[in-house]
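Thanks for coming. Please look at the model on the screen while I talk through it.

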Amino acid sequence: MNSQKDNPKLHGLIAAARHFLHEPMPKGVSWPHTFGSVLLALIVVQVVTGLLLSFYYSPNSDAAYESVQYIEQEVAFGSLIRGVHHFAASAMVVMLFFHIARTFFYGAYKQPRQWTWIYGVTLLIVVLGFAFTGYLLPWDMKAYFATKVGINIGGLIPVVGAYLVKVLQGGREMGTTTLSRFYSLHVILLPLVLVFCVGLHLYYIRLHGETPPGLRNDDKIGFAGTFYPAQLFRDSLVVFLVIAVVFGLAAAFGAPLEAKADPNDTTYLPRPDWYFYGLFQLLKLLLGNLEVVGAIILPGVLVAILILLPFLDKNPERRLSKRPGVLAGGSAAILVIVLLTALGGYEGRVAANAAATPDLVTVEGEIEDTFVVDPRMGRRLYVELKCGECHGHGSAGKNIPPGLEFAGNKYKYSWLGEYLMEPHRVRWQTRGLRPVARMPDFKLSEEEALNLTSYLMALRVDTKLPELGFDWAAADSDMVESGAELAFEYGCLGCHRVGEQGQDIGPGLSNVGSKLQDSYLFHIVQAPDKLIPGTGMKNFQLDLDEIEELVAYLRTLR
Amino acid sequence: MPWIGTKTDTMVNQDLPRRNFFKHAIVVLNSLIALALAVPGLGFLLSPIFKNEEEIWIELGPQSRFRSEAPQKATFKYESTAGYTRKVRNSFVWILPDSSEALVALSAVCSHTGCNVAWNEGEQLFVCPCHDGRYATNGEVVSGPPPRPLQELQVKLENGTVFVKLLV
């Protein structure tokens, strides 16, 4: 068998496979070169699990959530398959990050490999497109509101923004048309683009060969063996480990599924999945007119730089030590992305933890009564009890029924918990000029009331109600006294009741110190209509010292 | 993989045990990955097989309603579930003339291609409209393509009320 041409086994597909497997590997190609293969393997995992999920999923806003629930609860291995799809998506973003960083620092984007790089960057955008469109499909609260935020960001683009929003939504509002659009994008259009780009990406990789590290572009390349078996072994091992982690996470945690999307809910705080935390954080830093900078311009510039990189940097040098500018720029970009993402994650955690401050509440007595306060359970109660019917949409900023969009800045944890347990004991009914509707007693258990409280305490609008530097706990009796005098001078009792004195026109203040937070008292006295638009409470234009004294007095009313 | 590893392997000198380990490890690792996807995947697809459907008993009414000379059509509504959807459907069974103490209920579904059979008063036969299958009063095939008699359904009596078990 001297001539390979005579061997029938060396034609067609087998020849093609040999061609791939016997690709010569330059010296120095090793573990960092496995990331691309891991991504390819994860694409296969996503195709398989996605195909499976589509057997049960229904892209219709009336049935989507129910079908996902069915997959989770009724279908054999349903929770695992969906979990794998979820975590493999996250793994792809992580691996893309490593893959791009490796290519960048190795200088592998340089001529003649510019097209490998450009199709690679296109694939990055396609994968983020998958993440964005896939996110909506379960049609739960998170899906609905995170997508709404995403679509609204698109609306910030000058001139075309408004049209883009309509096209993405498939109409004036988000609904079943949005869902079927995203489904088609996610399972038909994007996969076609993906296959096309992956094919070309691989074609160019094979055309130009792997990039050996630590050389100039025009240096002669030394070879050390073929792709099979050594490099394929490394690929297989890393792929195996990554997939094992994905399966482990899927089995341990599963993919999250919140309550069914309720478009009327005004209290839900949407947070994107972790890989969009960086962008999310950027948007928080750049408010107002700067928003378009963070949402559109900066990411747009970043993508443009990535795509044009082979043409901007024509230096044939690939050794990092000779590319200080690129090293510094790339490291800085990575640092910023990692920091923003970590910051976004940290703030999310702080918000969640703040909500559940007394994390473990042990009820004295029997062991069975021990429970953990969980704001997620509270959020579920909020939906089940339809709290939003009165306190949600339309009540924003109102006093009766109170809007809860900044409940966490307003109420004291202990008062809210006690009130939710027995609303009619704590505040029997509203009197005077106020409407007669009153809070129903839902007969919540202590656990339920505290879960609900911890959820409500997570609802904060710190931009409207910033924390204050002043510590009223340290206020002396002189201050309290002058506060009491001020309350008399300004005629607070003309509307508010304190004990036996005053009128029932505004809310009673007899125990306002145990109910409301000091900083809320400060803000409401300072500018009532800013927090409660259209309120009957006058803005008395007090100076800061006066407000501080008033709060010092009010907080003693318990 | 016999077609791999012939000529080009001699391109470089590598020690054979190391290469052999790589080759075996590649097969083992990738087989494990394929298995991890295939087993749950297959279970996921075949899930309907493993599902235990619960019995559905339909209330047909008091026993006194079924005392006629000819087979009697007993119509009913039931809630049919398909995955995550529920629908109320109309259906019926045939109750045979009461010859003894026990009531006999026949499925109206023809054993041939599944059309609903009707009682033909003149011929005293159940006739299927699709391919002219004919069944006697007791459900036995008289003529036509049906391969089996009409299926008899389980019937139970509770305090004088007739229940029939739905075929699922």
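This is a predicted model: local features need pLDDT of at least 70, side-chain atom pairs count only at pLDDT 80 or more; totals for chains, interfaces and linings use all residues.

Which residue does B:Tyr84 pair with? The partner is A:Tyr70: the two ring centres are 5.8 Å apart and the planes stand at 65°, so the pair is edge-to-face. The cut-off for that label is an angle over 60 degrees.

Now see where the two tyrosines sit. A:Tyr70 belongs to helix α3 of chain A, residues 64–73, while B:Tyr84 is in the loop of chain B between β2 (72–82) and β3 (85–95), so this pair joins two chains. A:Tyr70 has a relative accessible area of 15% and is therefore buried. Over all chains, the structure holds 30 aromatic pairs.

Next, a pair within chain A. Is A:Phe182 buried or exposed? A:Phe182 is buried, since its relative accessible area is 1%. A:Phe132, with 23%, is partly exposed. The centres of the rings of A:Phe132 and A:Phe182 lie 5.5 Å apart, and their planes are at 55°, so this pair is tilted. The pair links distant parts of the chain, 50 residues apart: A:Phe132 is in helix α5 of chain A, residues 114–136, and A:Phe182 is in helix α8 of chain A, residues 176–208.

Stay with helix α5 of chain A for a moment. The axis of α5(A) comes within 8 Å of the axis of helix α11 of chain A, residues 291–312, and the two cross at roughly 170°. That angle makes the two helices, α5(A) and α11(A), roughly antiparallel, because angles over 145 degrees get that label. Which residues of α5(A) make the contact? Among them are A:Trp117, A:Ile118, A:Val121 and A:Leu124. On the α11(A) side, the contact includes A:Val303, A:Leu306, A:Ile307 and A:Phe311.

In chain B, the charged end of B:Lys156 is placed over the ring of B:Trp57, at 4.2 Å from the ring's centre. In chain A, A:Arg102 lies over the face of A:Tyr106, and the distance to the ring centre is 5.5 Å.

How many helices and strands does chain A have? Chain A has 23 helices and six strands. Chain B has two helices and eleven strands. Along the sequence of chain B, the order is α-α-β-β-β-β-β-β-β-β-β-β-β.

Burial comes next. In chain A, 44% of the 558 residues count as buried. For chain B, buried residues are 33% of 168.

Then contacts along the sequence. Of the chain A contacts between residues at least 6 apart in sequence, 75% join residues at least 24 apart. In chain B, of the contacts with a separation of 6 or more, 43% come from residues 24 or more positions apart.

Last, the surface. Chain A has an accessible surface of about 28,400 Å², and 63% of this belongs to carbon and sulfur atoms. Chain B exposes about 10,500 Å², with carbon and sulfur atoms supplying 53%.

Notes: Residues are numbered from 1 along each chain as its sequence is written. Chains are lettered from A and ligands numbered from 1 in the order in which they are written. Side-chain values use heavy atoms; hydrogens and water are left out. Rings of Phe, Tyr and Trp (its six-membered ring) pair if their centres lie within 6.5 Å; planes under 30 degrees apart count as stacked, over 60 as edge-to-face and the rest as tilted. Helices (H or I, at least four residues) and strands (E, at least two) are DSSP runs, numbered from the N terminus. Buried means under 20% relative accessible area, exposed over 50%, partly exposed in between (1.4 Å probe, protein chains only). A charge sits over a ring if NZ of Lys or CZ of Arg is within 6 Å of the ring centre and within 35 degrees of the ring normal. Contact means heavy atoms within 4.5 Å. Accessible areas come from the Shrake-Rupley method with a 1.4 Å probe; for residues, only the protein chains shown count as cover. Axes are lines fitted to C-alpha atoms, for helices over the stretch in contact, and angles run from 0 to 180 degrees between N-to-C directions. Angles under 35 degrees count as roughly parallel, over 145 as roughly antiparallel, 65 to 115 as roughly perpendicular and the rest as oblique.
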